[in-house]
Amino acid sequence: MGEQPTPALRRAVRGYLDHLTVERGLSANTLASYRRDLDRYLATLADAGVADLASVGAGLVESHLARLRTGDDTHPPLAVSSAARAASAVRGLHRFAMREGLAGADPSRDVRPPTPPRRLPRALPVDDVVRLLDTAGPIAATGEDAPLTLRDRALLEFLYGTGARISEAVGAAVDDLDTDEGTVLLRGKGGRARLVPIGGYAVDAVRAYLVRARPGLAAAGRGTPAVFLNARGGALTRQGAWGILRGAAGRAGLPVDGPAAVSPHTLRHSYATHLLDGGADVRVVQELLGHASVTTTQVYTLVTVERLREVYATAHPRARG
């Protein structure tokens with residue numbers, strides 16, 4: 001154990017990650033995860049004495065992926081979803097190697113990754129969302145803490161009012177906003193941009209923040225174009241935005257730990273589910289969420305069906321048989 005990967009293996013991985021960056025436009029977070037997954041795979045190949053990808057057999061790929069689920073002396077077992085992502089990284093590397101002439105065959109072609117359990121997105125009831133937003137603070141806030149209160153309220157209203165991913169919200173620039181038209185340009189996965197309407201409540205909260213809070217916060221920084229700023233005048237980070245939501249959820253009496261914990265994605269799920277509950281077409285919701293495939297969006301229709309079942313079971317006189 002402990003052998004180092006050969007230069008040929010490292011070059012192959014660098015080439016594959018460059019391909020994902022330039023050709024596929026994957027996010028920095030996804031790339032970081034793939035890099036970790038492939039570093040672990042290279043360690044397996046090095047320990048097996050493999051010098052290049054052309055020398056890898058299907059059995060070695062299978063044993064590596066199986067070990068991800070069982071763990072070893074230095075790694076705990078991976079969850080199914082993480083193991084599936086790692087398998088995708090390994091299989092993508094071998095497909096890339098074959099296309100680039102680094103290997104004559106793809107040993108991972110017939111290796112099937114574990115199937116992640118299908119989890120329905122968790123959406124908050126509308127009343128819970130309203131309570132969460134209200135605990136961030138009023139848009140008429142005054143006093144020493146007013147700038148951050150206005151920012152927090154604007155951020156949470158923005159997340160729920162647009163269905164933005166947290167990375168899209170903290171990456172939004174002031175020039176991307178048009179509060180007169182009530183729209184924002186969001187830049188999503190793979191560099192895809194989409195124009196999304198902003199609800200009236202979110203527009204009011206964002207306007208209050210831009211006029212009464214952001215200029216003061218920006219004065220402490222170096223002129224970042226980001227909409228949402230931290231107390232030092234820099235762009236708010238994903239972690240910072242998460243902390244704002246977590247604090248508001250705690251004050252609202254909503255779970256902040258465990259599988260039911262409120263997260264930035266909870267507001268995105270709630271946005272989609274409430275639109276569908278209100279009669280929105282799934283194709284429209286797909287565009288609003290920035291999903292490349294409607295299949296991704298259709299998971300939210302399962303949520304609404306579950307809700308219909310609950311209502312039917314409690315309201316229909318012969319539902320229980």
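**Figure 1. Overview of the predicted protein chain.** Of the 321 residues of the protein chain, 43% count as buried, where buried means under 20% relative accessible area, exposed over 50% and partly exposed in between (1.4 Å probe, protein chains only). The model is predicted, so local features need pLDDT of at least 70 and side-chain atom pairs count only at pLDDT 80 or more, whereas totals for chains, interfaces and linings use all residues. Residues are numbered from 1 along each chain as its sequence is written, and side-chain values use heavy atoms, with hydrogens and water left out. The secondary structure comprises 14 helices and three strands; these are DSSP runs numbered from the N terminus (helices H or I, at least four residues; strands E, at least two). Among contacts (heavy atoms within 4.5 Å) between residues at least 6 apart in sequence, 58% join residues at least 24 apart.

**Figure 2. Packing of helices α2 and α3.** Helix α2 (residues 28-47) packs against helix α3 (residues 58-70) at an angle of about 125 degrees, with the axes 11 Å apart. Axes are lines fitted to C-alpha atoms, for helices over the stretch in contact, and angles run from 0 to 180 degrees between N-to-C directions. The two helices α2 and α3 are therefore oblique to each other; angles under 35 degrees count as roughly parallel, over 145 as roughly antiparallel, 65 to 115 as roughly perpendicular and the rest as oblique. Arg40, Tyr41, Thr44 and Leu45 of α2 meet Leu60, Val61, His64, Arg67 and Leu68 of α3. By class, this contact has five nonpolar, two polar and two charged residues; Ala, Val, Leu, Ile, Met, Phe, Trp, Tyr, Cys and Pro count as nonpolar, Asp, Glu, Lys and Arg as charged, and the others, Gly among them, as polar.

Figure 3. With a relative accessibility of 8%, Arg165 counts as buried. The unreviewed UniProt entry places the feature "active site" at Arg165, Lys189, His265, Arg268, His291 and Tyr300; such annotations may be inferred rather than shown by experiment.

**Figure 4. Thr224 and Pro225 in the loop between α9 and α10.** Thr224 is partly exposed, at 23% relative accessible area, whereas Pro225 is exposed, at 55%. Not counting residues up to four places away in sequence, Thr224 touches Arg214, Leu229, Gly233, Gly234 and Ala235. With neighbours within four places likewise left aside, Pro225 is in contact with Ala172, Ala173, Val174 and Arg214. The C-alpha atoms of Thr224 and Ala173, 51 residues apart along the chain, are separated by 8.6 Å.
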